[in-house]
Number of protein chains: 2
Amino acid sequence: MTSLEEVARRAEVSAATASRALSGRGRLSDATRARVQRAAADLGYVASAAASSLATGRTRSIGVLVPLVDQWFFAQVLDGIATRLAPLGYDITLYNATDDPAQRRHLFRTSLRRGRVDAVIVLSLAMSAEETDELRALGLPIIGLGTPILELATLRVDDVAVGRAATEHLLGLGHRRIAHIGHAYPRDAGGDIPTLRHRGFVAALADAGVESAGFARADFTIEGGHRAAHELLSRSERPTAIFAASDELAFGAVFAARELGQEVPRDLSVIGVDGHDLSGFFALTTIEQFPHAQGMAAADAALAAVGEDVTAPAPALPFELVVRASTAPPT
Amino acid sequence: MTSLEEVARRAEVSAATASRALSGRGRLSDATRARVQRAAADLGYVASAAASSLATGRTRSIGVLVPLVDQWFFAQVLDGIATRLAPLGYDITLYNATDDPAQRRHLFRTSLRRGRVDAVIVLSLAMSAEETDELRALGLPIIGLGTPILELATLRVDDVAVGRAATEHLLGLGHRRIAHIGHAYPRDAGGDIPTLRHRGFVAALADAGVESAGFARADFTIEGGHRAAHELLSRSERPTAIFAASDELAFGAVFAARELGQEVPRDLSVIGVDGHDLSGFFALTTIEQFPHAQGMAAADAALAAVGEDVTAPAPALPFELVVRASTAPPT
DNA sequence: CTGAAAGCGCTTACAG
DNA sequence: CTGAAAGCGCTTACAG
């Protein structure tokens, strides 16, 4: 690849001047600048990332730490992040956090410490206290998005309010036997997302003086929702409505109801959370949370943190009830 | 962050020796090596990525060029890539190719040319001839995976065989009115995946002396499949079976059939391609193509190309017919 | 086996 | 406004 040196030679200036002309920093005559830019364009010059980061201490790259399993959500968020980063010329370095202990250790102790990024965005990742500390020790801005670790959660949806809104929607339709599928342990004092949504569920029922028709714990997958719903729907006093803590859980519940010969919404109302691509096809009522916009907000927060001229987003992320055909009054 | 200098000082050796001890290159006494490694561990030293790439010309990072829209497939592949890269200490730089011309120009002309990666893996991306040239001009190993651009397709499934297998499965069940949903223009001479699958469809029918019951073109989305199936199923001579070129297209077809009061598989058999996560829930017969393994293969190909000691994968990727309940003999 | 020195390709005070 | 020089933090011939 062409070097600055060659550009400078062609423009008949020093490398220092060429650098200034290309970066826009420092003052120099318009004529010189134009000449250098011409030369750079002619030669197709692009500054070496390694050399400039070494010289400036800035990489123009943002790390994104994700569990690659949560496909739908993270793809949305990632796209949102890329949307904001690309125009400013920032790259994305993707760090995949699996469950493998050795891999995770390497990730936190080595990969992240190579100095490849200016900031890191952490997506919906459950981390140990030690990992959280290691992240902090990086000395980089850390932007949490949908992270269970509250201290890192720079940006978040008010998940208690989400749980409340979903439950109140069902209550408003007249349901009195409402069950919940989530991932929280009901008595968990933690601040992770499933627990917060569960708390909203409990609070809304309490306010209405209605008792819970059950809670089933599941992984945030269709399979998990499927199994949990099977369990809830085969109880003697079965619920007339289910609030699932994610759309994928809700899809699983819809499949389960169908298998048990129960029609949605005639025999069972189902509401999810996310605004998943497929929710329209399942005619699923859900609480949208705009993950693409969340990604953009996270990117903005990261850019603001590294000193780029963008306005930092408000920490509170919006959500919105979208009513479709999967919820109706009980019959 | 700690520098090599500090490690060297603590181990009482020169920076050169410290570097050798840590990299394992060059010969030095076991005692010295141990001392340096100790010091590095004590200080939590990790070499700066920028400095080592500048010195060696190698980045230990692989670029992955994706259209972030194709969520399911790319998440699988990405996870497969990460699985192989992480143990060797390679990072992933993610390049998102959108449809925005300005963004794409920047991507090919600037981002990719910053020298941040040692090789690039291109996923299922349609590129212009100019973009293909720009990629080649990078002078880096390029690994194509599921790329329409045949010249770049280092790794590929035999998509004519896939189309043939799907069609023959339906023929074998006794169907004689079989339609196809894909993205190819039937007369397209190109070598892109949809066209190849369509060619397999045509060939299988020809061999069986059966006429096509129609072709509908659609984007590779559920929505696309939904619309295309609606069209096919409302023709006077409607098909008894549909071969959809992807599982998402097939899901759309299933939704469409349901809306038209046609039951799968009683009134309509549907077969897809992919082995999508959801295919089990839709009881969809499909041609699995193991994207996670494809990602691992692509990573291996990239690693082999940059001189790592891994065996390059065979260029032909496997696929497999998985029969579920969405296909049955016509009634 | 180990060290001093040059070099990777930029950027940025420091002079002028 | 422009250039010479030092420095970012490594690695690797080259000597010894």
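A reminder to myself before I start: a crossing is left-handed if the near helix is turned anticlockwise from the far one by less than a right angle, and right-handed if clockwise. I also note that this is a predicted model.

**Entry 1: two helices in chain A.** With that in mind, I looked up how H1(A) passes H3(A), and the crossing is right-handed. H1 covers residues 4-11 of chain A and H3 covers residues 30-43 of chain A. I found that their axes come within 8 Å and cross at roughly 125°. The two helices are therefore oblique to each other.

Which residues meet here? From H1(A) I listed Glu6(A), Val7(A), Arg10(A) and Ala11(A). Their partners in H3(A) are Arg35(A), Val36(A), Ala39(A), Ala40(A) and Leu43(A). Sorting this contact by class, I got 6 nonpolar and 3 charged residues, with no polar ones.

**Entry 2: chain A against chain B.** Next I turned to the contact between the chains, which takes 34 residues from chain A and 34 residues from chain B. On the chain A side, helix H4 (49-56), helix H5 (71-85), strand E2 (91-96) and helix H6 (101-109) each supply at least two residues. H5(A) gives the most, with 6 residues. By class, I noted 19 nonpolar, 10 polar and 5 charged residues on this side of chain A.

Entry 3: How do E2(A) and E2(B) run, parallel or antiparallel? They run antiparallel, and 3 bridges join them. I picked out one position here: Leu94(A) stands opposite Ile92(B) in E2(B).

How values were computed. Residues numbered from 1 in each chain as written. Chains lettered and ligands numbered in written order. Predicted model: local features only at pLDDT ≥ 70, side-chain atom pairs only at ≥ 80, totals over all residues. Axes fitted to C-alpha atoms, helices over the stretch in contact; angles between N-to-C directions. Helix = DSSP H or I, 4+ residues; strand = E, 2+ residues; numbered from the N terminus. Parallel < 35°, antiparallel > 145°, perpendicular 65-115°, else oblique. Contact = placed C-beta atoms within 7 Å. Nonpolar A, V, L, I, M, F, W, Y, C, P; charged D, E, K, R; others polar. Pairing = 2+ DSSP bridges.
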